[in-house]
Amino acid sequence: MGRLQRKRKRKWKKGVVEDGDSVCSKLVQWMGEKDCALPDNIRWAYFNDTGRGLFSTTYLQKDSLLIRLPKRLLITVHTVLQSCIGNWFCRADHSQAFSNQQVLAAFITWERHLGHESRWDAYIRSLPREYTTPLMLSGREKAALPTYLRDGVHVQERMVVEAYKQLVSTIGKRSLCEHCGKSLLADVFSFPSFQWAWNTVNTRAVYVKPTTSAVKLRDENTLALAPFLDLFNHSCLTNTTVEETAEAYCLFSSGEWQPNSQVFISYGPHSNCKLYLEYGFVVRSNPHDVVPVTAEEVDQVVNSICEVTSKTFCKARNELIQQNRLTENLCFSNEGPSFTLQAYIFLRAACGFDKNLFQQKIFAYEFTEVERDIINKIILGLLCDKIEDYQQQVSSMSQLSPCSESFGLARTLVKYHLELLECIHKKLFMVK
Ligand SMILES: [Zn+2]
């Protein structure tokens, strides 16, 4: 791993650093003024593959402290309440509760508009100007996504739109900003500004221990923005330990890092779909990746292969599927078909029905040779269908040009999924 990281570092583009250069220096200087001494060995740089990130000038052994951020430098709901927009969220007449993300996004929108007058100016200037999350896709690009991605994008969109609508009704009649005299809704809290801030919170917030809040929140009060610390990029190959005390939020590396190599942390064992939808990036050979399968896709293959059983399919089997939630987590991973996918296929394709016996077969993984053959036949059919489908998707997505960076990532994601399906197909069915 160390070697890989060193290679990454050598690929810096000096010219690209400039912009990051001044904003990051100012951020470090600002943190120093807030009595936050950053570790001497952790520095920022621009990396070709990940963009801005952090590296260590010294060798870091396992369990090394990466950063210790005083709690007063975290932006939490508590920070928002102490600001001049804090009272917007505390009024008793709110029928609906707010979400963590919504409150923090509103705060970032507000502070960004304050410019140099914001206490958080150095931090806000260090944030990316643009994001590559699917919220940035055009209507045409969204229409060109495969259904399984489009559904996820719609969920994200609905969340930001609803959060914005509620915020607009909270701001209500305060039409002009007391600070600059501009229109609060048209200028300060415009939808694009709020969406940018929403992306900021979505892609960069960390989880902290839940605390109570004077705001009526609909989720646990656990989100915080963490200046500088949010410059660490994600790797699927590492883990990170968090230690939180009353005074500080600390990150420890669970791996070793060679001098001058980018130091990564883990945002969690996420699939590429999750990474794309939430953070706006994807990772090649992601060990946590899965290609989702729908029950309908399975049914289609089952119906084309086992005509007789599909006709005699009974209510009891459906109940067994529902009771054991066997339509959830239907997918292919690097390991092959998921447990529920195999169980679901068995229940849709097997002959006859005996509840106890079937349940035992599924959970003990005890199928007869004949049953195993049927399951394999359906898995093969499913893989072939999906590979053909994904090949078409990649080819039709490639025709959309020019496209946004976010759409390019979606296309890469579908390509990675196609690779994963082909790899499983090869592993399971190709004669060696
Ligand atoms: Zn203003």
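Colleague: How many residues of strand S8 (residues 248-253) are buried?

Modeller: Keep in mind that this is a predicted model. Six of the six residues of S8 are buried, so the strand is mostly covered.

Colleague: Which residues of S8 point one way, and which the other way?

Modeller: Ala248, Cys250 and Phe252 point one way. Tyr249, Leu251 and Ser253 point the other way. Both sets are buried.

Colleague: Which strands are joined to S8?

Modeller: Look for bridges. Five of them join S3 to S8, running antiparallel. In that pair, Ile67 stands opposite Leu251. Five bridges also join strand S7 (residues 240-244) to S8, again antiparallel. Here Thr241 stands opposite Phe252. S7 and S8 form a hairpin, with three residues between them.

Colleague: What is Lys62 in contact with, beyond its neighbours within four places in sequence?

Modeller: Ser253, Ser254, Gly255 and Glu256. Lys62 itself is in the loop between strand S2 (51-56) and strand S3 (65-70).

Colleague: Now the metal. Which residues coordinate the zinc ion?

Modeller: His113 (NE2), Cys177 (SG), His179 (ND1) and Cys180 (SG), at 2.0 to 2.8 Å. Along the chain, the donors are spaced H-x63-C-x1-H-C. His113 lies in helix H4 (residues 100-114), while Cys180, 67 residues apart from it, is in the loop between helix H7 (147-171) and helix H8 (184-188).

Colleague: Why is the arrangement around the zinc ion irregular?

Modeller: Start with the ideal. Four tetrahedral donors have ideal angles of 109.5 degrees at a metal. Around this zinc ion, the four donor atoms subtend angles of 82 to 120°, which makes the arrangement irregular. A tetrahedral call needs all angles between 85 and 135 degrees.

Colleague: How exposed are His113 and Cys180?

Modeller: His113 is partly exposed, at 22% relative accessible area. Cys180 is also partly exposed, at 34%.

Note on methods:
Residues numbered from 1 in each chain as written. Predicted model: local features only at pLDDT ≥ 70, side-chain atom pairs only at ≥ 80, totals over all residues. Heavy atoms only, no water. Donors = N, O, S within 2.8 Å, 3.2 Å for Na, K, Ca; no water. Tetrahedral: all angles 85-135°; square planar, octahedral: opposite > 155°, others 65-115°. Helix = DSSP H or I, 4+ residues; strand = E, 2+ residues; numbered from the N terminus. Buried < 20%, exposed > 50% of the residue type's maximum accessible area, 1.4 Å probe, protein only. Contact = heavy atoms within 4.5 Å. Pairing = 2+ DSSP bridges.
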